[in-house]
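Dear colleague,

I am handing over the structure we spoke about, and I would ask you to keep it open beside this message while you read.

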Amino acid sequence: MSDFPQFEYRQNALYAEQVPLESIAKEFGTPCYVYSRNAITTTYNAFQQAFSDDDYLICYAVKANSNLAVLNLLAKLGSGFDIVSGGELQRVIKAGGDPKKTVFSGVGKLADEIRMALAADILCFNVESIAELQLLNQIAAAMNKMAPVSLRVNPDVDAKTHPYISTGLKENKFGIPIEEAEHIYRSTDIFPYIRFIGLDCHIGSQLTELDPFIQAGRKLVDLLHRLQSKKLRISHLDLGGGLGIRYSDEVIPSIQDYVSALRETLGPANLRLIIEPGRSLIGNAGLLLTKTAYIKHTPDRSFAIVDAAMNDLMRPSLYQAYHKILPVIKSEGDICNYQVVGPVCETGDYLGHDRKLVLKADDLLAVMSSGAYGMSMGSNYNTRPRAAEVMVDGETIHLIRARETIDQLIASETLLPM
Ligand code: LLP
């Protein structure tokens, strides 16, 4: 099957579901993120089917793409959410998501965010340090509430991914060393307002192999057994997110194989399995549509200067990440080796190196696999308004975020009085 079944050529024109991308560019301009509703739904359903009748909860990692329409679609499909800030919690609530299906991750939850999440009765806090546990206990006491908690343990497993997105090694800032966790779980008397309900880990992102998940899962199950033998009641195991997607020619385990591996590792344990997929749910359901502004040939190189830049899609600049770049209309002509770059004033501003394309000014390009960590990591660097976002549903195009205006961008700034 194609990597992008919802984005395919008909004759020479690239479509999103039933809509030619060219017509989206005409109506909404560029740069523009385009998502396929069908792609998101199909992937969500694949996770659901893989779990069949198990007790499970899919908590979509909001950070991957936090547009309200995306969250609303996932909420309608029954998804829970994994949040990392008070802002993400507000988005989930606004999008109709259920706080009772929401887990709160992150190393630096602030007091206000903790208060907000306790007031909203979220499912669980994934706690990453003793200091955080102390603060949570204190705030819960003041609110006269019990705080449901999983400890995020750091299993010291090599996820074999980019160092910036690897989180489960002992030198990373994340989690509590697994050897210390048992002791903390048993100190319930020091934390009277904490109810330990789960065990959590997340070892990294864009994993292309199942083995690191299995190793981490085994370590968690060992800890679980130790806790159970001490009569501690744990009702869920949260194995985080991390399943990769194919950006170029990576071979990625299927969702079915991933879920089966987790279930096997877990064995017949009588508890709920939570996962927090982000990229694997939304990454290949989105692309970034951009227009070529200039073609520039130097003695050394040929540049396609496009209207999207590192502020729109930071992944290439930040992680040297590879995204396929496809012509929206395939045309005949001389193939040239292009450096596809944006207008931002940095050499590191690029979307793709050495791309063989037939291209002229005003031609449209699609930067594929941009649904996850694209718009959500966007910025206003170089005072560039952020892109528009649309969701295609069959023949219909929904504008789900209007292009930002420069007025909006500077609205909260003020001049000095004199
Ligand atoms: N749960 C936790 C606690 C996480 O920290 C993350 C991602 C996820 C779940 C979702 O992981 P996923 O299924 O998407 O791999 N900006 C980077 C990725 C950063 C991932 C951070 N944590 C990128 O563009 O590759």
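What follows describes the ligand and its surroundings, and then the aromatic rings.

Please bear in mind that this is a predicted model. The ligand is surrounded by 19 residues, and the closest of these are S205, E276, R315, Y319 and Y373. Sorted by class, this shell has six nonpolar, seven polar and six charged residues. Because domain 1 (7-36 + 283-410) and domain 2 (105-277) both give residues to the shell, the ligand lies between them.

Some polar atoms can be followed one by one. A nitrogen atom of the ligand is 3.2 Å from an N or O atom in the side chain of D82, while an oxygen atom of the ligand is 2.9 Å from a polar backbone atom of G242, and an oxygen atom of the ligand is also 2.9 Å from a polar backbone atom of G278. Taken alone, the ligand exposes 590 Å², of which the protein buries 92%.

Turning to the rings, the structure holds seven aromatic pairs. One of them joins F47 and Y258, whose ring centres are 6.4 Å apart and whose planes stand at 85 degrees, so this pair is edge-to-face. Since F47 lies in helix α2 (residues 37-51) and Y258 in helix α9 (residues 255-266), the pair ties together parts that are 211 residues apart in sequence. Both F47 and Y258 are buried, and together with F213 they form one aromatic cluster.

F51 and Y56, by contrast, form a stacked pair, with 4.5 Å from centre to centre and 5 degrees between the planes. F51 is buried, with a relative accessible area of 0%, and Y56 is buried as well, at 18%.

With kind regards

Key:
Residues are numbered from 1 along each chain as its sequence is written. This is a predicted model: local features need pLDDT of at least 70, side-chain atom pairs count only at pLDDT 80 or more; totals for chains, interfaces and linings use all residues. Side-chain values use heavy atoms; hydrogens and water are left out. A residue is near a molecule or strand if one of its heavy atoms lies within 4 Å of it. A polar contact is a pair of N or O atoms within 3.5 Å; within protein, one must be able to donate a hydrogen and the other to accept it, and residues adjacent in sequence count only if both atoms are side-chain atoms. Accessible areas come from the Shrake-Rupley method with a 1.4 Å probe; for residues, only the protein chains shown count as cover. Ala, Val, Leu, Ile, Met, Phe, Trp, Tyr, Cys and Pro count as nonpolar, Asp, Glu, Lys and Arg as charged, and the others, Gly among them, as polar. Domain bounds come from an automatic or database domain assignment. Rings of Phe, Tyr and Trp (its six-membered ring) pair if their centres lie within 6.5 Å; planes under 30 degrees apart count as stacked, over 60 as edge-to-face and the rest as tilted. Helices (H or I, at least four residues) and strands (E, at least two) are DSSP runs, numbered from the N terminus. Buried means under 20% relative accessible area, exposed over 50%, partly exposed in between (1.4 Å probe, protein chains only).
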